[in-house]
Every structure is written in C-alpha cells, then in structure tokens.
Amino acid sequence: MEIEISATSALVLNWTNNNIWKSTEVSEYMDSIDLSEGNTILKLFSDEENYMHTQSVTNRKYFMRQSAVSFLEQCKAKKISAQVIILAAGIAPLSIELASLFPHAAIFDVDKFLMQEKEIDIKKMFKDRLRNIHFVKSDITNIAELESRLLKAGWKPEEQTLLIMEGITYYLKEVDLKYILEYFFNKNTSLACDFLLNYDDIHESNRKFGLDVFGKIKESVGLDFVESYAPEYFMNLLSEIGYKDPERVQMTEVQKERTGWPEPYRNPESGWITLVKAGI
C-alpha cells in the first residue's frame, strides 16, 4: 500500500532524518509513503538550503518527540492516565511513534485535512494495533468545534494532557494562536511548540535560510502570510496566558543533543525557528 500526500507534507518529510524514530511501526508507515510529490518544491532549494532545512525540521521533530516521551514517561511513573493532542497533525508519524511506545496513552491527531484518509491507512496497515490513536477532523481555530470533536473522540480534559503544536504557529494569526493557547491552558495542559523568529532576531550567519524557506513555500502554495515573533515577545505571551516558567530551547542545544555537535548552529539565535516547552 502506498500513501499519497500533498507536496508540502512530502517536503517536510523529505527534510526529516528518520533515525529519530524508534518504533518499527513508524518505519513501516514511512516506507509506505510516496514522497515524490515534494520533488517540485525540493528543486527550488540548493543543496546547502536542503541540508540546513533537514537539520531544522529534524531537530524540531526530535524535540517534539523527546518532549512527548518525557511527558508520557512521567505520567507512567506516577501511574496516572496520559493524553497527547497533536494539532495540525497531518500525515506525520509522531502519533504512531507515541501510540506504539505507550499503548495505554490516548493520542489524538487533529487536523482540518487528511484525518479520515490517515485513519483508513493506519487501520489497513496495523489492523487492531494502535487503537489508542484517535483521529479528529477539525479547524483548530474554531474552539467550539475543536472542543466538541475532541470530547466526542474520547478526550478527558480532567486528565493529564500534553498539547503539541509543531510547525503550525507560523501559519496562525496571533489572535487565533492566543485563543488556542488560552483554551488549553485553562484545561491544565502542558505544552510543546515552536515559533519562527523575526528576521532581525536571527543571527546574520543563517538569516537568509529563514527568509528563503518561507518565501518559497508561500510562493509555491499561495500562502497569504507567515507569522514570526521576537523571542521575548513570544515568551511573554505564554507567561501572560499563565504558563509558569516556559522554557525556550535554541536549535544549537537540540543539534548538540541529537548529533553531538552544534553545527550548523554555532552562534546564538542561528536557528530561524525556536522550540518551547512548558509544564513538562
């Protein structure tokens, strides 16, 4: 069985080093995906750009995986129920990884698109395995709809939940982002997310890569805008919402943890996206 996906989804998965995944289920799933749809956009980037974006996307996914695993391990050690909600999940394999490693945790994949197709593909592939993944079709900016469909899918707001927002804050208007964060904060969720730095806040050595990647993606798929933030502004936004001591992690730190070496993020703020966790 071969899963067909959009060009932008294929682009992101082409920029992911699959050695970050540890479950055999993800290996099987990734082997079934046709990534050729991303070739047209990939060709817009030079070898250097593709290398840099592979490091960036892989680190982002590595961070989200590590954050979720840490959260679920803490819940397991405390012998309490755990849930993970992945907003704008697309066809990415994070839910498969978490569901296979933590079969007693409830994992919710949420997206406006592809949820029915992803559910069908996973059920065909894994039969009765991974029954702890719940697929929710919803516009994540429509909070009433999102809440209703999460509850219908089995989400229990009174139990421990981690909210993952990977690769999505750039495509949300700030007002919508705040509504989402405020809603889930009031449901006592932990958070793992990332955001795009303002151009002037990126170290000049790597500044061109942040500008280039989003410019080319915008042009290719007709995006109206991409939202970026100053680091202090974004972290203050989280604090104002109520998150206690949110932690910002720069690409240098993740690259060193993942590969043992900081390159190509030698300088402070040399990543064009930065990573955040709170309550984990």
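The following paragraphs describe the chain from its overall dimensions down to single residues. The structure is a predicted model, in which local features need pLDDT of at least 70 and side-chain atom pairs count only at pLDDT 80 or more, whereas totals for chains, interfaces and linings use all residues. Residues are numbered from 1 along each chain as its sequence is written, and side-chain values use heavy atoms, with hydrogens and water left out.

The chain contains 11 helices and 9 strands; these elements are DSSP runs numbered from the N terminus, with helices being H or I over at least four residues and strands being E over at least two. The radius of gyration is 18 Å, close to the 19 Å that the globule rule gives for 280 residues, so the chain is as compact as a globular protein of that length. This radius is taken over C-alpha atoms, and the globule rule is 2.2 Å times the number of residues to the power 0.38. Along the principal axes, the C-alpha atoms fill a box of roughly 45 × 45 × 40 Å.

Of the 280 residues, 53% count as buried, where buried means under 20% relative accessible area, exposed means over 50%, and partly exposed lies in between (1.4 Å probe, protein chains only). The accessible surface comes to about 13200 Å², and carbon and sulfur atoms account for 46% of it; the areas come from the Shrake-Rupley method with a 1.4 Å probe, and for residues only the protein chains shown count as cover. Contact means heavy atoms within 4.5 Å. Among contacts between residues at least 6 apart in sequence, 80% join residues at least 24 apart.

The chain carries 32 positive and 43 negative side chains, and the centres of the two sets lie 5 Å apart. In this count Lys and Arg are positive and Asp and Glu negative, while His and the chain ends are not counted. Each charge is placed at NZ of Lys, CZ of Arg, CG of Asp or CD of Glu.

L87 has M165 as its bridge partner in β6 and stands opposite V110 in β4.

Q83 is buried, with a relative accessible area of 2%. Beyond its neighbours within four places in sequence, Q83 is in contact with residues including F71, A106, F108, W155 and L162. I86 is buried as well, at a relative accessible area of 6%. Leaving aside neighbours within four places in sequence, I86 is in contact with L94, S95, I107, F108, D109, V110 and I164. The C-alpha atoms of I86 and N236, which are 150 residues apart along the chain, are separated by 23 Å.

K173 lies in the loop between β6 and α8 (174–185) and, at 47% relative accessibility, counts as partly exposed. Setting aside neighbours within four places in sequence, K173 is in contact with F225 and E227. The C-alpha atoms of K173 and S228 are separated by 9.8 Å, although the two residues are 55 apart along the chain.

Backbone geometry also deserves attention in the loops. L114, which is not a glycine, has a positive phi, near 70°. L114 is placed in the loop between β4 (106–111) and α6 (115–126), and is partly exposed with a relative accessible area of 28%. D245, likewise not a glycine, has a positive phi of about 50°. The place of D245 is the loop between α10 (231–241) and β8 (247–249), where D245 is exposed with a relative accessible area of 73%. Finally, a cis peptide bond with omega of about 10° joins E263 and P264. P264 belongs to the loop between α11 (251–259) and β9 (273–278).

Definitions and conventions. Pairing = 2+ DSSP bridges.
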